[in-house]
Amino acid sequence: MALRIVCFSPKYGPAGTIVQIKGEGFASARAVKFNRTKSTSFTVSGDSLIKAKVPAGATSGRIEVAGIADKTETAEFFTI
């Protein structure tokens, strides 16, 4: 199944904030990035939920989830 982000919450927060990302195909997730800054702490809960910590140094922008063969990103920005 292709990766797809449906929504995420919260929409803003500082480094250290835990963001819940809901979608599809997350069982193959290997990385989560906040505006190209890689999160060093994330948990995949089944195929449809990821909880990721906003990394230090991240700036406002899209959230990306990358899998083995593909990647997807949010339409909306996460705001730092």
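Q: Which side chains meet in a salt bridge at 3.3 Å, N to O, with Glu-24 as one of the pair?
A: In this predicted model, the side chain of Arg-4 meets that of Glu-24 in a salt bridge, at 3.3 Å from N to O. A salt bridge here is a side-chain nitrogen of Lys or Arg within 4 Å of a carboxyl oxygen of Asp or Glu. Arg-4 belongs to strand β1 and Glu-24 to strand β2, so the pair ties together parts 20 residues apart in sequence.

Q: What should I know about the model and its numbering before going on?
A: Residues are numbered from 1 along each chain as its sequence is written, and the model is a predicted one in which local features need pLDDT of at least 70, side-chain atom pairs count only at pLDDT 80 or more, and totals for chains, interfaces and linings use all residues. Side-chain values use heavy atoms, with hydrogens and water left out.

Q: Are Arg-4 and Glu-24 buried, exposed or partly exposed?
A: Arg-4 counts as partly exposed at 41% relative accessibility, and Glu-24 counts as partly exposed at 31%. Buried means under 20% relative accessible area, exposed means over 50%, and partly exposed lies in between (1.4 Å probe, protein chains only).

Q: How many salt bridges does a search of the whole structure find?
A: The search finds three. Among them is the one between Lys-11 and Glu-76, whose closest N and O atoms are 3.3 Å apart. Lys-11 lies in the loop between β1 and β2 and Glu-76 in the segment after β8, so this pair ties together parts 65 residues apart in sequence. The side chains of Arg-62 and Glu-73 also meet in a salt bridge, at 3.3 Å from N to O. That pair links distant parts of the chain, with Arg-62 in the loop between β6 and β7 and Glu-73 in strand β8, eleven residues apart.

Q: Turning to the strands, what is the order in the sheet that includes β1?
A: The order is β1-β2-β6-β5, an open sheet of four strands with antiparallel pairing. Strands (E, at least two residues) and helices (H or I, at least four) are DSSP runs numbered from the N terminus, and two strands pair if DSSP finds at least two bridges between them. β1 (4-9) and β5 stand at the edges with a single partner strand each, so one side of each has no neighbour in the sheet.

Q: How many bridges join β2 to β6, and how many join β5 to β6?
A: Five bridges join β2 (residues 18-24) to β6 (residues 49-53), and four join β5 (residues 42-45) to β6. Ile-21 has Ile-50 as its bridge partner in β6, while Thr-43 has Lys-51. β5 and β6 form a hairpin with three residues between them, and Gly-46 in the turn has a positive phi of about 75°.

Q: And what is the order of the sheet that includes β8?
A: That open sheet has four strands in the order β4-β3-β7-β8, and the pairing is antiparallel. Here β4 (37-38) and β8 (71-73) are at the edges, each with a single partner strand, so one side of each is left without a neighbour in the sheet. Four bridges connect β3 (residues 31-34) and β7 (residues 63-66); Ala-31 has Ala-66 as its bridge partner in β7.

Q: Which residues have the most contacts inside the largest nonpolar core?
A: They are Val-19, Ile-21, Val-32, Phe-34, Ile-50, Ile-63 and Val-65, in a core of 16 residues. A nonpolar core is a set of buried Ala, Val, Leu, Ile, Met, Phe, Trp, Tyr and Cys residues joined through side-chain atoms within 4.5 Å. β1, β2, β3, β6 and β7 each supply at least two residues of this core.
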